[in-house]
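Please read it with the sequence and the model side by side.

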Amino acid sequence: MSASSTLSMFRWMVQRDLTLAWRRRADVMSTLFFFVIVVSLFPLSVGPETQLLRSMAPGVVWVAALLASMLSLGRLFANDYQDGTLEQMLLTPQPLYLIVMAKVFAAWLVSGVPLALISPILGVQFGLSQDTLLVLAISLFVGTPVLALIGSIGAALTLGLRGGGVLIAILVLPLYIPVLIFGAGAVDASIIGISAQANLSLLGAVLALALVFSPWATSAALRISLE
Amino acid sequence: MLEASNLECVRGDRRLFSNLNFVLEPGGFLQLTGPNGSGKTSLLRMICGLLAPARGELLWQGANIHSLGEEYSTVLTYLGHRTAIKDELTAQENLIFSSALDGTEINSAPAVSILERMGLGGRDKLPVRLLSEGQKRRVALARLVVCNTKLWLLDEVLTSLDKNAVTLVLSLIEDHLSNGGLAVVSTHQEFKLAASSFQRLELAS
């Protein structure tokens, strides 16, 4: 299998999923709105106590990001499963690993990147400093692909099951814990004025691990789901 | 050459078929018939490699299809009962993306002419959800024109097609067979094909 055809397949898959996401804009927007609203509810309910808001900001934003990324997981493979496209994907000459990577990448572009981009604006409500806002956005940039990668395993395992949505949450949320700890930890560190680098590096390491192992696990789960 | 020896299919706790044997030579056509639930789709999915046989094996050119892996994917085209057509995409986009998935890249000019040949002239820019069932099938079948694979596996391929489309599909299959291709087709309709070797496999319930 030549490198060029592998690359072009990746490109085609990403392009296809982005086109589909654009045609179903409402789905994408709902994830983003969910994130914005959940994060904004806390300052409204706690009141203008800057100290308290500042100390809870990392946890609130990160938990909201986890929940928002759960929302779109159910759709990752379900549509392709129902109309038979997934079967075709298993039958392509290219490795399934690659197709999974392309799908997760496209899903991250439409659901993860917007969260990271909008997070500094939401962070202002918590009275975070400029440096901390930057760390928040960076931590989400590194962390959301991990959420998408790990989530894809859960999505593949629960494919075609009734009540799959709740099951995904039970399967995947425990695996999200390291991402939550390092992501929120980075922002925390920045708030108390120490370097966030250690936590961000650990988050990067988790991303590297997830990049290697999760597409492989997802491919195996898809094969089982489609038998 | 496709060869099945002693295939057995078990779904849940039901045995659908066992001791199933056939040999399909280049240019050969195999029609699968049988009542609903007799295992036609399961057999086709088995030939694809999507479903592992409970017993027995499938050989392509003498090698087990599971040992061939992705190499085997390059020789087959499977058109399932579910057509893999996206409602939100246009007919043209559907054809381009599904061909790309098969490993054949085409751009819009050939895609338009192929869709025209499939009787969808002037409708190639419409989202597929606006098309009728039969027209959606035609979009899915357009893949057969693009692909240059040896082995075609078609599941209930004539469903909701009109007379002209049936003739068109039959001529596509005939061309494919005369070029040394193989085809396994599950259907309830009578097939009138000028194939050099025509086999029929009746699955009992």
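Which residues are buried in helix H6 (residues 113-124) of chain A? In this predicted model, the buried residues of that helix are A:Leu115, A:Ala116, A:Ser119, A:Leu122 and A:Gly123.

**Helix H6 of chain A**

- An α-helix has 3.6 residues a turn, so residues three or four places apart point the same way.
- On the other side of H6(A), A:Ile121 and A:Val124 are exposed.
- The partners against which the buried residues of H6(A) pack are helix H2 (25-46), helix H3 (50-82) and helix H7 (130-157) of chain A.

**Contact between chains A and B**

- Contact between the chains involves 21 residues of chain A and 24 residues of chain B.
- On the side of chain A that touches chain B, helix H1 (3-23) and helix H4 (85-90) of chain A are the elements that give two or more residues, and H1(A) gives the most, with seven residues.
- By class, that side of chain A has eight nonpolar, seven polar and six charged residues.

**Helix pair in chain B**

- Helix H5 (residues 108-117) and helix H6 (residues 133-146) of chain B pack at an angle of about 115°, their axes being 9 Å apart, and the crossing of H5(B) and H6(B) is right-handed.
- From H5(B), B:Ile114, B:Leu115 and B:Arg117 meet B:Ala142, B:Val145 and B:Val146 of H6(B), a contact with five nonpolar, no polar and one charged residues.

Key:
Residues numbered from 1 in each chain as written. Chains lettered and ligands numbered in written order. Predicted model: local features only at pLDDT ≥ 70, side-chain atom pairs only at ≥ 80, totals over all residues. Axes fitted to C-alpha atoms, helices over the stretch in contact; angles between N-to-C directions. Helix = DSSP H or I, 4+ residues; strand = E, 2+ residues; numbered from the N terminus. Left-handed = near helix turned anticlockwise from the far one by under 90°. Contact = placed C-beta atoms within 7 Å. Nonpolar A, V, L, I, M, F, W, Y, C, P; charged D, E, K, R; others polar. Buried ≥ 20, exposed ≤ 12 C-beta atoms within 10 Å, placed from the backbone.
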